[in-house]
Amino acid sequence: MGLLIKNGEIVTGDSRYIADIWCDGEPITRIDSDIQAPTATAEVIDASGKYVFPGFIDPHTHIYLPFMGTFSKDDYETGTKAALVGGTTTIFDMCCPSRTMEPSEGFATWTAQARGKAACDYSFHMGVTRFNGNSAAQLREIVAAGVQSFKIFLAYKGAFGIDDSELYQTLKLAKELGVVTTAHCENETLVAETQQELVTRGTSGPEGHHDSRPPRVEAEGVHHLMSFAEMTGAPVYIVHLSCREALEEALRARLRGVQVWVETLIQYLLLDKSHAELPEFEGAKFVMSPPLRDKANQPVLWNGLRQGLINTVGTDHAPFDFAGQKSMGADDFTRIPNGIPALEDRVNLLYTYGVKAGRLDLHTFVKIASTNAAKIFNLFPRKGTIQPGSDADLVIYDPNYRGQLSAATHLMNIDYNAFEGWPIEGRPSLVTVRGEVAARDGKFVGTVGRGRLLQRSSKNVFDFDAPLASDNNRIALKRVGCQ
Ligand SMILES: [Zn+2]
């Protein structure tokens with residue numbers, strides 16, 4: 001057995017060359033020019049004319065999330081199949097116990113949901129939805145088990161949200177343990193008060209969602225987190241940043257020395273608040289928090305990605321059916337379950353509207369969709385790059401593919417696609433997970449249940465500039481300069 005990928009154009013966060021990749025088992029064994037298959041039974045893939053990217057990483061998903069009395073529709077089987085077809089080989093799912101649940105119970109629930117079902121590898125950001133001595137002891141054990149990041153909510157009062165004492169104590173613990181705390185930044189009091197005012201004034205449709213959580217509400221959440229991060233010295237990661245005002249608060253903190261990373265979402269880069277204002281309740285398909293923003297924010301976000309001010313692009317994938325779930329908020333926008341599905345389409349959209357549209361170079365694309373998340377969350381260089389010893393998570397990408405996104409053809413378990421009819425220019429023709437072919441030309445061909453809960457370690461945590469082991473390996477290989 002073994003897998004040999006020949007003549008592909010390998011593109012990582014910092015290198016680009018044509019070479020063959022030999023995978024004997026789960027890791028990449030060798031990269032060189034003109035490798036011959038060592039065994040007669042090896043599977044040989046011709047990747048001529050195609051890119052070979054490291055498997056993409058979605059740093060932010062909600063698989064089967066309990067929310068507003070229902071569950072997001074994808075389970076670990078449907079969600080990870082969809083991810084793989086779209087080139088995503090690792091997901092970071094949010095483990096979100098309710099405030100009445102013990103952390104260990106939440107962790108056990110999420111791991112049980114994933115085990116035997118996930119087809120790609122995964123880890124969790126461990127939700128801290130309350131904090132006391134008892135929960136702290138359990139959080140220490142969960143971190144020791146390899147789940148080396150927390151998730152906190154400054155929004156969702158009474159559901160997942162924590163108060164300031166809990167926030168302070170969580171960050172102190174995170175600092176002590178050397179783990180990154182990811183945070184949903186919106187001021188929950190401003191959200192609750194503004195929602196109430198809008199409802200009282202008679203606003204009931206999804207178009208009210210944006211004005212109940214305007215940019216200042218998010219910027220205030222970021223400012224708040226930045227103050228606490230500065231006081232505790234804890235490293236933090238802002239999830240789903242959507243607007244200029246919030247980015248400015250993060251950058252101000254960075255200049256003060258706060259260790260902060262920023263994630264935006266493919267939805268904010270491509271969709272805007274006019275989508276949530278569509279008539280006939282159609283706008284409900286586009287309700288998430290923070291809300292889709294004015295289009296004027298999009299150039300700011302793209303530029304932030306180009307300039308390294310924003311580090312990752314995720315999806316916050318939380319699929320709720322239009323019929324039956326989004327409709328819970330038909331008479332009251334505050335009851336519309338939050339989420340815009342995108343797990344399957346993130347990479348193709350980012351390639352088409354980022355790289356092909358001239359907004360991103362190929363290396364930045366790989367970094368923001370894969371490498372940076374691996375580095376920030378302690379998976380690098382096992383994930384996020386292509387070098388001997390790394391897991392053979394590879395995406396052979398066909399830049400000549402032309403197609404359209406549609407709910408009629410997607411694998412996500414959801415009855416609409418927020419990007420219905422959008423053209424895409426590029427698609428994975430083959431995706432591997434640890435050396436096994438898992439997707440081919442839009443079809444899942446992998447193994448349900450093969451996905452592993454990744455054990456992370458803090459060894460490489462902030463070492464963004466560590467030289468790659470493949471530096472020597474590259475020298476003899478043919479460099480290319482075309483796009
Ligand atoms: Zn989320």
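Tutor: Contact here means heavy atoms within 4.5 Å. The model is predicted, and its local features need pLDDT of at least 70, with side-chain atom pairs counted only at pLDDT 80 or more. Residues are numbered from 1 along each chain, and side-chain values use heavy atoms, without hydrogens or water.

Student: Which residues of helix 4 and helix 7 meet?

Tutor: Asp164, Leu167, Tyr168, Leu171, Lys172 and Lys175 in helix 4 meet His224, Leu225, Phe228, Ala229 and Thr232 in helix 7. The residues of this contact divide into six nonpolar, two polar and three charged.

Student: Why are helix 4 and helix 7 called oblique to each other?

Tutor: Helix 4 (residues 164-177) and helix 7 (residues 215-232) pack at about 45°, their axes 10 Å apart. Angles under 35 degrees count as roughly parallel, over 145 as roughly antiparallel, 65 to 115 as roughly perpendicular and the rest as oblique. Helix 4 and helix 7 are therefore oblique.

Student: What makes His60, His62 and Asp316 donors of the zinc ion?

Tutor: Donors are N, O and S atoms within 2.8 Å of the metal (3.2 Å for Na, K and Ca). His60 (NE2), His62 (NE2) and Asp316 (OD) lie 2.0 to 2.2 Å from the zinc ion, and are its protein donors. Their spacing along the chain is H-x1-H-x253-D. His60, in strand 6, and Asp316, in the loop between strand 15 and helix 12, are 256 residues apart.

Student: Why does Asp316 count as buried?

Tutor: Buried means under 20% relative accessible area, exposed over 50%, and partly exposed in between (1.4 Å probe, protein chains only). Asp316 has 8% relative accessibility and so counts as buried. His60 is likewise buried, at 0%.

Key: Axes fitted to C-alpha atoms, helices over the stretch in contact; angles between N-to-C directions. Helix = DSSP H or I, 4+ residues; strand = E, 2+ residues; numbered from the N terminus. Nonpolar A, V, L, I, M, F, W, Y, C, P; charged D, E, K, R; others polar.
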